[in-house]
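Reader: I'm new to this one and would like to know what the labels rest on. Can you take me through it?

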Amino acid sequence: MKITELKDKLKYEELCGGSAQGIIEDGYTSDLLSDVMGNAPEDSVLITIQAHKNTVAVASLAGISTILLCNNRPAPDEMLKAAEQEEVAVYRCQDNQFTASWRIHQLLEG
Amino acid sequence: MTSIPLINDDTPSFILELIFLLKVKDVMTKNLIMVPRNSSLKELQAIMKEKRITGVPIAENKRLYGIISMDDIIRALEGGYIDEPAENYMTKNLIVLEEDMPLSFAINYMDKYHYGRFPVLSLHKELVGIVTSRDIINQLLVNINQEMARLEANMVKKEEADTGIGSFERSFLCHRFDFENAGRASTEIKKKLKSMHLDRKLIRRVAVAAYELEINLVVHSQGGSLSVSIDNQWVTIVAADRGPGMKDPSQALKEGFSTANDWIRSLGFGAGMGLPNVKRVSDEFSLESKWEEGTKVTSRINIADKENQ
């Protein structure tokens with residue numbers, strides 16, 4: 001699916017648009033960056049509460065297209081700046097990780 | 001006196017690395033001549049003449065009491081007290097170095113205090129050596145020579161290598177708790193591999209290894225370097241730090257084992273998955289570590305096989 005479906009269908013807030021060719025094919029829910037690095041599939045959305053610059057570095061290195069920050073966590077400016085540079089999309093939502101994972105899974109299945 | 005133009009913004013990273021990785025104990029003179037406090041200045045003059053040295057530590061049972069330098073001897077000759085005991089005239093307020101300090105400290109001290117020599121103490125305050133600017137120059141030249149030899153050898157290799165991929169070599173410095181720049185080295189490495197049009201999965205394996213090792217340097221070490229070299233066959237990543245080393249290296253490879261504190265864990269690191277991740281993505285992996293010395297991890301990933309697929 002297109003990254004923008006997070007915004008269009010789930011009404012999640014877009015903080016950074018990411019790459020124009022970016023897509024979401026899968027998802028991974030984790031707050032442990034080493035776990036993400038080791039196991040998250042490429043072209044996935046990372047569902048997490050880790051809102052800092054290092055999350056962007058991990059996403060970029062692991063080929064993750066989108067970071068979704070749950071529980072309405074604030075994203076520091078430097079995180080968004082890094083995301084812009086690395087062309088990683090950053091979205092935010094009120095949902096917790098469980099709910100967000102479930103909703104995105106539905107979208108991907110549909 | 002002008003300051004030593006060695007540590008500034010333009011200093012090549014190899015030199016910076018060298019003076020941070022080398023420790024005072026690596027450069028100091030260990031065969032020391034020590035004399036007891038009651039020796040006469042005249043005896044000291046004789047020792048300096050015989051051994052061709054310009055300063056002698058006054059010490060008993062490895063405990064340092066002071067230093068007598070050539071200047072003190074000249075003053076004693078002028079003042080007519082050359083037969084008196086050293087302890088009455090030795091310099092007692094000494095600036096000392098500790099053996100485990102990085103060499104950069106010694107260089108800074110040379111700059112700051114303008115003494116010709118610094119006594120070196122162990123953790124237990126025992127006198128274990130003396131450092132002069134000559135000692136520092138000697139050791140730096142030895143290391144720079146080795147590096148130059150290595151670079152020259154590589155230049156030849158580079159010319160010999162076929163033009164397919166060409167070889168690439170770089171080293172990045174990583175500092176303790178520098179989360180600001182963590183990931184920079186891995187990102188550079190990934191960009192390089194991308195420009196070589198390697199398989200995406202292969203790039204990811206290298207990125208995992210590089211990032212985990214880089215984060216380890218930032219989280220666990222007192223600082224060190226991440227070096228990468230790429231040739232037609234292999235990507236080799238070496239993370240080497242200057243301590244503190246591991247008490248039990250076999251533990252570090254167990255998934256879930258970590259020595260990270262809560263603050264580091266709150267950032268999403270320190271889950272005890274780093275080194276197991278690196279090992280998993282590597283074709284060849286080695287870990288050497290010595291407590292209170294340092295750790296060296298080497299990860300090699302074969303890129304030749306995949307290219308042929």
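Author: Chain A of this predicted model has five helices and five strands. From the N terminus on, they run α-β-β-α-β-α-β-α-β-α.

Reader: And how many helices and strands does chain B have?

Author: Chain B comes to 12 helices and 10 strands. Buried residues make up 46% of its 309 residues, while in chain A, with 110 residues, 55% count as buried.

Reader: Let's pick one residue. Where is Gln50(A)?

Author: Gln50(A) is in the loop between β3 (44-48) and α3 (53-62) of chain A.

Reader: Why is Gln50(A) called buried?

Author: Gln50(A) has a relative accessible area of 8%, and buried means under 20%. The value 8% is under that cut-off, so Gln50(A) counts as buried.

Reader: Which residues does Gln50(A) touch, leaving out those up to four places away in sequence?

Author: In chain A, Gln50(A) touches Asp31(A), Thr55(A), Leu69(A) and Met79(A). In chain B, the residues touched by Gln50(A) include Arg265(B), Ser266(B), Leu267(B) and Gly268(B). Here, touching takes heavy atoms within 4.5 Å.

Reader: What makes the pair Gln50(A) and Asp31(A) a polar contact?

Author: A polar atom of the Gln50(A) side chain lies 3.2 Å from the backbone oxygen of Asp31(A). The cut-off is N or O atoms within 3.5 Å, with one able to donate a hydrogen and the other to accept it. At 3.2 Å, the pair is within that distance.

Definitions and conventions
Residues numbered from 1 in each chain as written. Chains lettered and ligands numbered in written order. Predicted model: local features only at pLDDT ≥ 70, side-chain atom pairs only at ≥ 80, totals over all residues. Heavy atoms only, no water. Helix = DSSP H or I, 4+ residues; strand = E, 2+ residues; numbered from the N terminus. Buried < 20%, exposed > 50% of the residue type's maximum accessible area, 1.4 Å probe, protein only.
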